[in-house]
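Q: I am new to this structure and would like to learn how to read it. Where should I start?

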Amino acid sequence: MKDYFLLEGGEFKCYHQNMKDKKNSTSWVLDVAQLARIELSKAEETKFAGQLGAVLENFELLNKVDTNGVEPTAQVTGLSNVFRHDEVINSGNRESRDELLSNTPEVENGSIKVPGVFHND
Amino acid sequence: MTELFKLTIEEASKKLKNGEIKSSELLKSVIDRIEKVEPEIESFITKTFDIARRKAKESDKRYSSGKPSSEIDGIPVALKDVFCTKGIKTTAASKILEDFIPAYDATVVKKLSDAGAIILGKVNTDEFTMGSSTENSAFGPTHNPWDASRVPGGSSGGSAAAVAADECLFALGTDTGGSIRQPASFCSVTGLKVTYGLISRNGVISYASSFDTIGPIAKSAADVAIILNTIAGNDPLDSTTVKEKLPDYTTFFGKDIKGKKVGVPKEFYGAGLNPEVEKILKLAIEKLKSLGAEVEEMSLPMTDYAIAAYYIIAKSEASSNLARYDGIRYGYSPLKTQSSKSKIQNLIDLYFKTRTEAFGNEAKRSIMMGTYALSSGYFDAYYKKAAQVRTLIKKEYEEALKKYDVLITPVSPFPAFKIGEKLGDPLSMYLADVDTVPINPAGVPAMSIPAGFTKDNLPVGMQIIGPHLGEGKIIEIADAFQRATNFHLKKPKIQDSKKQETNKKQPVSPTARRGG
């Protein structure tokens with residue numbers, strides 16, 4: 001099976017794993033959760049490892065399909081580069097800005113306030 | 001006049017136009033019905049009856065001055081809670097959006113309002129439409145009107161149950177992998193998944209953007225056609241919408257289907273198909289034959305790979321779409337309460353706490369699966385491979401639908417299952433979508449219509465698949481079938497008694513079919 005790489009503490013680490021390893025361990029789920037910005041409890045780690053492992057194993061069915069030379073399909077519309085005129089529509093006033101920001105937890109001077117990247121002060 | 005809530009759009013529209021009934025009378029009948037059956041069905045998340053009453057009075061005035069806005073002026077509608085409604089809570093059945101109030105209407109909501117339809121409120125769904133049972137809702141499950149211990153299907157389970165229980169004359173749902181068709185089948189109503197891009201997705205909360213479609217759930221194929229006339233068409237705010245001039249869908253009513261070519265793909269009738277469902281489908285196909293259709297067995301060999309390809313792509317797109325819920329701009333946020341805010345150390349801490357605390361299990365599984373499939377070492381093995389298989393699936397449907405007008409398949413391998421039966425086993429829940437998911441990668445339209453009932457009186461649907469922009473062909477066949485049968489007219493007997501205990505976990509049955 002393939003290698004995969006995760007950014008941990010500023011450096012890339014290389015993992016080797018195949019389906020068999022996935023069944024015997026659950027730590028790979030923690031790695032994926034970390035990338036996805038989700039914390040897991042120990043019980044969730046075990047539960048999701050079993051559930052996701054079963055689904056990923058099912059996905060391996062696709063290895064039976066010969067896709068040599070087949071172009072991937074990302075969308076089915078047949079459309080490309082749909083443009084519209086660069087015109088301002090229905091925005092720009094104070095009222096609509098306030099309406100859009102009414103769901104925002106922290107607003108200061110009409111701007112969205114965000115916690116610090118390193119420290120919250 | 002009693003029991004106006006039972007009317008179809010076609011019937012109600014006629015009565016409204018000739019002055020036999022008023023919009024506000026129709027609305028009152030439907031609201032009374034909701035109050036009566038809702039303790040049993042639980043399809044609504046948010047009710048907007050006060051606004052509805054005001055709008056119905058405006059509609060009364062339009063009718064009395066002889067100027068209704070459209071065929072659906074005054075018709076009460078329920079919206080799946082993923083359509084943004086200006087000033088009205090829109091939750092996607094997720095804790096992460098439990099207090100979210102949109103600043104604008106989705107394009108389809110605006111089109112319905114402009115046409116005079118009366119919005120009753122927002123109905124239940126699986127969280128972010130991820131699921132096949134409506135059990136993944138942060139607000140609890142909805143119950144199947146035919147048997148309250150069973151699921152209504154999903155994810156548009158609230159929409160389908162509301163139509164089946166006569167809590168509205170029609171509803172809007174969304175279909176990413178069967179989310180309109182499977183609940184329509186489980187609840188014995190008529191649901192259409194349109195050609196990708198036929199209806200604007202602007203203002204509709206996304207699951208998997210390259211599969212997501214909007215569509216009506218109604219009491220007949222004729223009603224579906226009436227609704228399509230109002231909501232289909234190009235929208236500058238959704239660049240994936242079709243540019244073609246669309247037909248008047250009501251011109252496909254009452255057609256003779258003699259000589260129509262109907263393909264029956266054998267892969268959908270294999271092992272794992274419930275024998276009662278199979279029998280009902282066979283009888284329905286016989287009915288089409290008796291109406292003059294030329295039926296032929298054919299093959300779609302890629303069907304076996306559709307589930308895997310679909311779920312890899314859907315979960316990959318879902319993980320990207322759900323990245324926007326970060327606790328900063330809108331939705332659930334630890335910043336909203338002083339006690340949890342003081343615990344936030346920095347930006348990444350906010351991301352982790354927001355997502356961990358407010359996403360449900362299926363959303364978390366989706367995000368993790370998508371993150372995994374898109375991670376650098378696995379991208380080719382999963383996402384790219386699935387996108388290549390998608391090309392082959394799409395090609396297979398294109399070829400088949402050059403030869404046949406429509407294809408007929410089951411909508412689900414089995415009728416509605418028990419609440420709790422599959423909840424702890426996501427793989428078996430995914431495999432239950434085997435008959436509906438191949439359609440979304442192909443992008444073609446498909447409808448579920450009532451085709452019969454099992455000996456336990458559970459509804460079974462029939463899927464009619466048409467070519468790209470072939471909604472008219474589907475409506476022709478469905479309407480002809482409904483004029484020759486009365487499955488779609490049968491109503492569930494909803495008990496007035498106190499609700500049975502339905503949350504008991506049931507053992508998982510060995511329902512998995514295909515997909516190794």
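A: Start with the idea of a nonpolar core, which is a set of buried Ala, Val, Leu, Ile, Met, Phe, Trp, Tyr and Cys residues joined through C-beta atoms within 7 Å. Keep in mind throughout that this is a predicted model.

Q: Which residues of the largest nonpolar core touch the most other members?

A: That core has 173 residues, and B:Val77, B:Phe170 and B:Ile464 touch the most other members. Helix α9(B) gives the core its largest share, 11 residues. Domain 1 (4–303 + 390–489) and domain 2 (304–387) of chain B each contribute at least three residues to this core.

Q: What does B:Ile464 touch, leaving out residues up to four places away in sequence?

A: With those left out, the residues in contact with B:Ile464 are B:Val406, B:Ile408, B:Ala446, B:Met447, B:Ile449, B:Ile474, B:Ile477 and B:Ala478.

Q: B:Val77 lies in strand β2(B). How many of the five residues of this strand are buried?

A: To read a strand, look at each of its faces in turn. Strand β2 of chain B spans residues 76–80, and five of its five residues are buried. One side holds B:Pro76, B:Ala78 and B:Lys80, the other B:Val77 and B:Leu79, and both faces are covered.

Q: In which sense does β2(B) pair with β3(B), parallel or antiparallel?

A: For a pair of strands, read the direction and then the bridges. Strand β3 of chain B, residues 118–123, pairs with β2(B) in the parallel sense over five bridges. Within this pairing, B:Lys80 stands opposite B:Val123 of β3(B). Between the two strands the chain passes through helix α4 (residues 107–114) of chain B, and this β-α-β crossover is right-handed.

Q: How many bridges join β2(B) to strand β4 of chain B?

A: Three bridges join them, and β2(B) and β4(B) (residues 170–175) run parallel. One bridge partner pair is B:Ala78 with B:Ala171 in β4(B).

Q: Into which domains is chain B divided, and how many residues of each are in contact with the other?

A: For domains, look at the bounds, the distance between centres and the residues that touch. Chain B is divided into domain 1 (4–303 + 390–489) and domain 2 (304–387). Their C-alpha centres lie 28 Å apart. In the contact between them, 35 residues of domain 1 of chain B meet 26 residues of domain 2 of chain B. On the domain 1 side, α13, α14 and α15 (439–442) of chain B each supply at least two residues, and α14(B) gives the most, with three residues. By class, that side has 18 nonpolar, 10 polar and seven charged residues.

Q: What is the order of elements in chain A?

A: Chain A has four helices and four strands, which run β-β-α-α-α-α-β-β from the N terminus on. The chain has 121 residues, of which 17% count as buried. Among its contacts between residues at least 6 apart in sequence, 19% join residues at least 24 apart.

Q: How many residues does each chain bring to the contact between chain A and chain B?

A: To read an interface, count residues on each side, then find the elements that supply them. Chain B brings 58 residues and chain A brings 48 residues. On the chain B side, α9 (303–321), α11 (347–358), α12 (361–374), α13 (380–403) and α14 (426–431) each supply at least two residues. The largest share of that side, 12 residues, comes from α13(B). By class, the side of chain B that touches chain A has 31 nonpolar, 18 polar and nine charged residues.

Conventions. Residues are numbered from 1 along each chain as its sequence is written. Chains are lettered from A and ligands numbered from 1 in the order in which they are written. This is a predicted model: local features need pLDDT of at least 70, side-chain atom pairs count only at pLDDT 80 or more; totals for chains, interfaces and linings use all residues. Two residues are in contact if their C-beta atoms, placed from the backbone, lie within 7 Å. Ala, Val, Leu, Ile, Met, Phe, Trp, Tyr, Cys and Pro count as nonpolar, Asp, Glu, Lys and Arg as charged, and the others, Gly among them, as polar. A residue is buried if 20 or more other C-beta atoms lie within 10 Å of its own, exposed if 12 or fewer, and partly exposed in between; C-beta atoms are placed from the backbone. Domain bounds come from an automatic or database domain assignment. Two strands pair if DSSP finds at least two bridges between them. A crossover is right-handed if, with the strands pointing away from the viewer, the path from the first strand over the helix to the second runs clockwise.
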